[in-house]
2 protein chains.
Amino acid sequence: MAEKVVINEVGLRDGLQIQPKLVTTEGKLELCQALIDSGVRSFEATSFVHPKAVPQMADADALFPRLPKTGGVAYSALVLNDKGYERAMAAGVKSVAIALASTETMNQKNIRMSLDQATTTFAGLMTRAKREGIEARAYISTAMACPYEGKVPVKVVMDLADKMVKAGADKLAIADTIGASSPAQCEEVFRAVVKEWGAARIAAHFHDTRAMGLTLAWVALQEGVREFDSSIGGLGGCPFAPGASGNLATEDLVFMLNDSGFDTGVDVAKLRRAVGVAERLTGQRLGGRITAWWLSQERKAAAKAAQAAE
Amino acid sequence: MAEKVVINEVGLRDGLQIQPKLVTTEGKLELCQALIDSGVRSFEATSFVHPKAVPQMADADALFPRLPKTGGVAYSALVLNDKGYERAMAAGVKSVAIALASTETMNQKNIRMSLDQATTTFAGLMTRAKREGIEARAYISTAMACPYEGKVPVKVVMDLADKMVKAGADKLAIADTIGASSPAQCEEVFRAVVKEWGAARIAAHFHDTRAMGLTLAWVALQEGVREFDSSIGGLGGCPFAPGASGNLATEDLVFMLNDSGFDTGVDVAKLRRAVGVAERLTGQRLGGRITAWWLSQERKAAAKAAQAAE
């Protein structure tokens with residue numbers, strides 16, 4: 001029996017949030033459906049933040065209740081405060097995520113809170129979710145490096161994660177938000193968090209900024225992690241983290257995992273169509289690092305078909 | 001103390017051999033010097049094969065004696081038969097490599113020998129080199145998959161490698177010639193060969209055809225391998241192995257290893273110039289997967305400098 005790995009698609013939120021072209025609610029639903037058709041069963045669907053801060057997420061309240069209710073599909077949503085949490089509850093959210101950046105400067109730039117304020121606020125949200133029977137997901141973001149303060153010590157990540165777990169977090173997602181981790185640092189961080197809280201509680205979130213995305217995912221996998229964020233076509237980045245372009249592409253991650261005998265439940269060939277939908281919606285050229293390989297295979301198949309037809 | 005990893009640059013041979021534009025001996029020497037200036041100390045420099053089969057290597061006899069004799073730089077050359085071996089000796093080669101493909105069809109297509117003939121011929125060359133005090137390097141090529149016969153069982157690789165070691169091979173280089181390996185298969189193969197012959201005898205050769213190059217290198221590194229082939233700018237492929245485009249780029253490999261605290265002795269920033277030389281010589285656009293990151297960093301530095309100058 002192949003081991004299962006959860007692919008948590010974040011294109012709808014982390015992927016879209018800095019796209020200059022506004023994507024409609026209908027467009028998001030279409031993209032979500034294309035991903036479901038490929039076998040994706042877990043999504044970070046949106047964020048309940050101020051519409052002025054992130055216009056692309058302004059339709060969160062309208063979008064969430066309309067997301068496809070296909071059997072077994074799970075959706076989470078990002079919240080930053082009680083107001084966002086309450087909007088999420090009103091929209092029917094059953095899993096809330098918070099994102100606690102690892103440094104003072106990053107929290108200031110990203111959410112205009114000090115690290116202390118952010119820690120207290122997010123701990124409160126985790127506790128509230130737990131109490132109310134809602135899944136509580138804590139991201140520790142810029143966990144390997146901060147664009148303003150540089151490399152982050154493992155101890156800092158452990159301390160922040162510990163506070164979130166004590167507050168009630170069911171899941172700890174460790175995020176290399178700016179794609180700055182080396183495989184060696186990644187191994188150190190994931191080994192530490194898995195040792196402390198067990199692999200089942202850990203998820204991983206990588207960016208491919210420096211071409212290390214797939215290798216980092218493999219490293220975390222070796223440490224026992226079986227849940228990964230990724231974004232269709234590599235869509236994404238963080239508006240307040242310079243250099244955070246390029247989420248790890250879902251098609252790259254699924255290709256590597258399927259090819260290595262893991263059961264992601266996702267059909268990588270079908271993701272081609274989802275990439276196309278994302279390209280049309282955003283007006284951007286997208287595609288992970290396996291795109292060139294896909295294209296060469298398609299050219300070969302077309303040439304073969306043409307030859308057979310002669 | 002950082003652990004040392006040997007970067008064996010194969011751009012001059014594996015990289016150039018299928019380039020349509022003939023590169024002059026002077027050009028090759030310039031590229032070699034640029035790589036030496038970056039810190040590279042190990043090269044597969046050329047192959048002593050029939051000039052009609054691989055015109056790009058027709059200058060092997062003239063090139064080899066002219067290669068820079070900088071302290072500590074080591075050069076190997078590929079040979080296929082006694083005639084090539086003798087040419088190599090006349091040119092001053094101290095390390096010969098053979099490449100034994102893992103399947104019947106690949107040997108037929110690549111060197112017009114049966115698998116048996118190739119095994120016997122190459123075993124003979126390894127024995128001769130050993131007897132004559134020449135380093136004997138045995139590549140097992142298409143070790144993970146053959147473009148004609150598909151996935152290759154580990155047992156096949158082990159049997160061929162065993163024959164080469166028994167014949168006298170000092171080093172076993174396991175080559176995923178068409179970039180078809182998954183990380184899981186790579187782990188299986190390298191674990192087996194390292195267990196049998198020890199990590200010090202093993203080298204790894206990867207192609208990035210399906211974007212797995214860096215991850216495969218990381219996997220082999222975890223199995224203890226400390227010597228890797230790579231090609232500047234990702235230059236290369238094999239003329240007789242369909243789909244074998246894209247050697248693992250030296251700059252990608254060095255970037256990952258240096259960043260993870262290994263001592264390659266290579267300055268990754270200086271490799272930029274070597275990529276430029278390779279581009280000029282081949283008339284091709286080259287560059288590994290970290291190129292986009294390099295460019296973004298250079299743009300940032302330029303903007304900062306412009307601001308400071310105002």
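In which sense do strands β3 and β4 of chain A pair, and over how many bridges? Let's find out with the model open in your viewer.

**Before you click**

This is a predicted model, in which local features need pLDDT of at least 70, side-chain atom pairs count only at pLDDT 80 or more, and totals for chains, interfaces and linings use all residues. Residues are numbered from 1 along each chain as its sequence is written, while chains are lettered from A and ligands numbered from 1 in the order in which they are written.

**Stop 1: the whole of chain A**

Select chain A and colour it by secondary structure. There are twelve helices and ten strands here; helices (H or I, at least four residues) and strands (E, at least two) are DSSP runs, numbered from the N terminus. The radius of gyration, taken over C-alpha atoms, is 19 Å, close to the 19 Å from the globule rule (2.2 Å times the number of residues to the power 0.38) for 310 residues, so chain A is as compact as a globular protein of that length. Of those 310 residues, 53% are buried, meaning that 20 or more other C-beta atoms, placed from the backbone, lie within 10 Å of the residue's own.

**Stop 2: β3 and its neighbour**

Now select residues 74-79 of chain A, which form β3. Back to the opening question: β3(A) and β4(A) pair in the parallel sense, over two bridges. Two strands count as paired if DSSP finds at least two bridges between them. Pick Ala77(A), and you will find its bridge partner, Val96(A), in β4(A).

**Stop 3: inside β4**

Select residues 95-101 of chain A. Seven of the seven residues in this strand are buried. Show the side chains to see both covered faces: Ser95(A), Ala97(A), Ala99(A) and Ala101(A) lie on one side, with Val96(A), Ile98(A) and Leu100(A) on the other.

**Stop 4: across to β5**

Look for Ala101(A), which stands opposite Ser141(A) in β5(A).

**Stop 5: the two copies**

A rotation of 180° with 0.0 Å of shift along its axis superposes chain A on chain B, with RMSD 0.0 Å, using least squares on the C-alpha atoms of residues with pLDDT of at least 70 in both. The two copies are thus related as by a two-fold rotation axis. To find that axis, select Thr215(A): of the residues of chain A, its C-alpha comes closest, at 2.3 Å.

Technical notes. A residue is buried if 20 or more other C-beta atoms lie within 10 Å of its own, exposed if 12 or fewer, and partly exposed in between; C-beta atoms are placed from the backbone.
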